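Look at the sequence and the model below.

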Amino acid sequence: MTEVKIGKSPTQMALKRLRKNLLAMGGAVIVLIVFFLAFFPSWVVPHHVDGSGIYTYAEQFRTAEEYQKPPGIPGHPLGTDELGRDVLTRIVYGAGISLRVGLVGTAVALLIGLILGSIAGYRGGRIDALISRLTDTFFAFPSLLLTIGILAVFEKPNEVVIFAALGFVGWPGVARIVRGQVISMRGSEFVLGAKALGQSDFRILIGHLLPNCLGPVVVVSTLMIAGNILAEAGLSFLGIGLPPPIPSWGRMLVDSKEYWVDMPWMGIFPGLAIMFTVLGFNLLGDGLRDAFDPKMKD
Amino acid sequence: MSSEPQKPVTDDTILELDDLKVWFPVHGGVLSRHVGDVKAVDGISLKVKAGETLGVVGESGCGKSTLGKAIMGLVPVTSGKIHFESERGKVELSGLSRRAYRPYRSEIQMVYQDPFSSLNPRLSVQEIVEEPLKVHQTHMSSEERRLRVEELLEKVGLRREQAERYPHEFSGGQRQRIGIARSLATNPRVIIADEPVSALDVSIQAQVINLMRSLQRELDLTIVFIAHDISVVQHVSDRVAVMYLGNLAEVGRTHEIFSAPTHPYTRALLSAVPRPDPDLKREKRWVLEGDVPSPMAKPSGCGFRTRCPIAQEDCARDVPVMATVGDQHRAACPHAGRFEELLEERSSNKGS
């Protein structure tokens with residue numbers, strides 16, 4: 001044992017291992033770029049955006065040939081779409097939407113999953129059986145179908161509805177992981193010790209059990225963000241996501257399918273945006289999984 | 001009995017178990033019917049005196065850990081009573097709910113067996129040691145707690161700077177010191193030490209034991225020292241209680257138990273202790289045969305009769321009661337007084 005180094009918590013050590021993982025750091029860079037685009041879109045693209053979308057050319061030109069431009073022309077590095085809207089601008093503004101759906105949808109799933117999973121794992125018995133059968137039931141549905149079913153209830157799905165639907169579909173994965181972690185630690189001596197001190201069940205859960213679920217939960221959340229971004233794109237593609245003219249990446253893919261032959265750039269660039277963002281989150285998630293693996297030693 | 005000057009001698013007993021039973025129901029089958037009980041602790045009466053170290057010794061599975069957990073209120077008591085002479089007066093711990101037990105927890109604390117699983121790996125030493133203070137001394141400010149933790153760490157032979165570290169940065173012996181510091185945080189009067197050194201190297205064992213002994217003198221602690229290593233128990237205990245299959249076999253002052261064991265099981269345990277004496281005759285040792293019966297299906301009468309070298313017919317019939325065999329020395333064997341004679345008889349029967 002070296003006495004010189006200062007105390008490092010297991011989380012700090014995991015992050016240290018993460019920093020050594022090149023692929024994961026690549027993923028982290030992509031994720032950071034997406035975050036940057038989402039928070040400061042106007043710093044990246046000059047075109048103005050209002051709530052209804054971006055119309056730069058449509059009013060000024062009469063014929064489609066005049067405003068439907070391929071990539072590379074000045075002011076429109078990724079070209080324009082069928083209405084003459086700048087593709088780059090819409091992709092940059094779309095980052096915020098994708099990220100919101102990914103993060104908030106995951107947060108909803110985490111909230112439900114953490115509560116139900118920890119109760120099931122800690123209480124055990126009938127409550128555990130009930131919650132576990134409920135998660136099994138949710139797992140039995142194809143997730144996209146279940147999301148569509150939930151969205152079908154609402155006439156006009158807005159962002160909040162999509163967040164809730166994705167969270168509602170995603171919680172069983174979180175619940176199952178948290179339940180397993182809690183069960184594996186419930187009988188350990190430090191939990192017994194906390195009980196012997198007179199700590200309440202709630203304090204034991206919050207102070208002792210849930211912090212020890214941190215690693216797996218962080219990993220599953222990162223991967224779930226990627227899954228939710230994909231799910232939102234899929235839903236938009238199927239026409240039940242966010243309504244036009246909101247520049248969601250999935251929406252842009254749908255809009256492009258009519259012009260696939262003449263204007264392929266309309267679909268290629270939003271597709272690449274989805275691909276790289278999901279890749280970034282997945283690389284980061286895999287890296288976190290390795291970093292939090294208790295068998296890893298540095 | 002010698003009375004210590006600093007303590008008011010009212011009743012020497014600080015903790016009293018009265019026919020304590022802890023049975024764990026076993027459910028089986030599709031309908032999870034009640035198919036039996038694991039009789040982990042099956043009728044133990046015992047007094048723990050203030051300021052003493054009582055060693056509880058026995059094989060794995062004899063119920064000694066369950067006994068400790070029952071005192072701590074961590075397992076439900078099936079029947080019997082646990083009386084505790086608390087600072088607030090006499091209280092019966094066995095009947096208390098978890099909430100009602102809580103105020104007394106600052107007076108009874110536990111040290112655990114496994115120094116690796118008894119400390120939450122995500123908490124720093126500071127957070128681990130101050131947890132009891134957060135529960136019981138709610139008026140303390142975080143600065144007061146920090147000072148108290150530093151004081152405790154130095155008391156158990158660690159350095160105050162180590163409060164910022166995490167459990168994985170310590171060795172087994174150091175971790176056990178952290179566990180001891182935690183148990184001392186609320187100034188308890190009774191410490192239940194459940195196999196506190198059996199996970200440690202022998203050289204470290206001695207350090208931890210000596211630490212506990214000096215802390216006991218300094219802080220006037222009563223220690224219930226649960227262990228399976230009889231030589232460790234001999235070293236630390238003022239009195240020893242020998243357990244077998246949920247029952248008490250023998251209780252007495254340490255030197256009496258070791259110099260004049262009465263119960264056949266105690267004799268067997270002592271003869272199993274390796275002695276560094278090359279001239280010791282092989283014949284003088286005899287070894288227990290067979291395994292401990294399941295605590296779910298205990299033998300009728302005396303629990304030890306299936307392995308006892310002097311078992312008689314009535315042993316299967318009558319549950320032996322604790323009988324006084326000397327000053328503060330009790331044993332649960334009606335034939336203990338004729339041990340040599342009966343053993344002789346048996347070996348001559350075998351020979352013919």
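In which sense do strand S9 (residues 239–244) and S10 of chain B pair, and over how many bridges? The pairing of S9(B) with S10(B) is antiparallel and runs over six bridges; strands count as paired if DSSP finds at least two bridges between them. Helices (H or I, at least four residues) and strands (E, at least two) are DSSP runs, numbered from the N terminus. This is a predicted model, in which local features need pLDDT of at least 70, side-chain atom pairs count only at pLDDT 80 or more, and totals for chains, interfaces and linings use all residues. Residues are numbered from 1 along each chain as its sequence is written, while chains are lettered from A and ligands numbered from 1 in the order in which they are written.

Within this pair, Met243(B) lies opposite Leu248(B) of S10(B). Two residues separate the strands of the S9(B)–S10(B) hairpin, where Leu245(B) has a positive phi near 50°. Strand S10(B), residues 247–253, is mostly covered, with six of its seven residues buried (20 or more other C-beta atoms within 10 Å of the residue's own, C-beta atoms being placed from the backbone). S10(B) is also joined to strand S12 (residues 329–331) of chain B by two bridges, in antiparallel fashion. There, Val251(B) faces Arg330(B) of S12(B).

These strands belong to an open sheet of eight strands in chain B, with the order S6-S7-S8-S3-S9-S10-S12-S11 and mixed pairing. Strands S6 (108–111) and S11 (323–326) of chain B each have a single partner strand, so these edge strands have one side without a neighbour in the sheet. From one strand to the next, the twist averages 20°; axes are lines fitted to C-alpha atoms, for helices over the stretch in contact, and angles run from 0 to 180 degrees between N-to-C directions.

Elsewhere in the sheet, strand S7 (residues 190–194) and strand S8 (residues 222–227) of chain B run parallel, joined by five bridges. Ala193(B) has Phe225(B) in S8(B) as its bridge partner. Helix H5 (residues 172–184) of chain B packs on the sheet and touches S6 and S7 of chain B, its direction making about 175° with that of S6(B). Contact here requires C-beta atoms, placed from the backbone, within 7 Å.

For the whole chain, the secondary structure of chain B comprises ten helices and twelve strands. Of its 352 residues, 41% count as buried. Among contacts in chain B between residues at least 6 apart in sequence, 65% join residues at least 24 apart.

Note on methods:
Buried ≥ 20, exposed ≤ 12 C-beta atoms within 10 Å, placed from the backbone. Contact = placed C-beta atoms within 7 Å.
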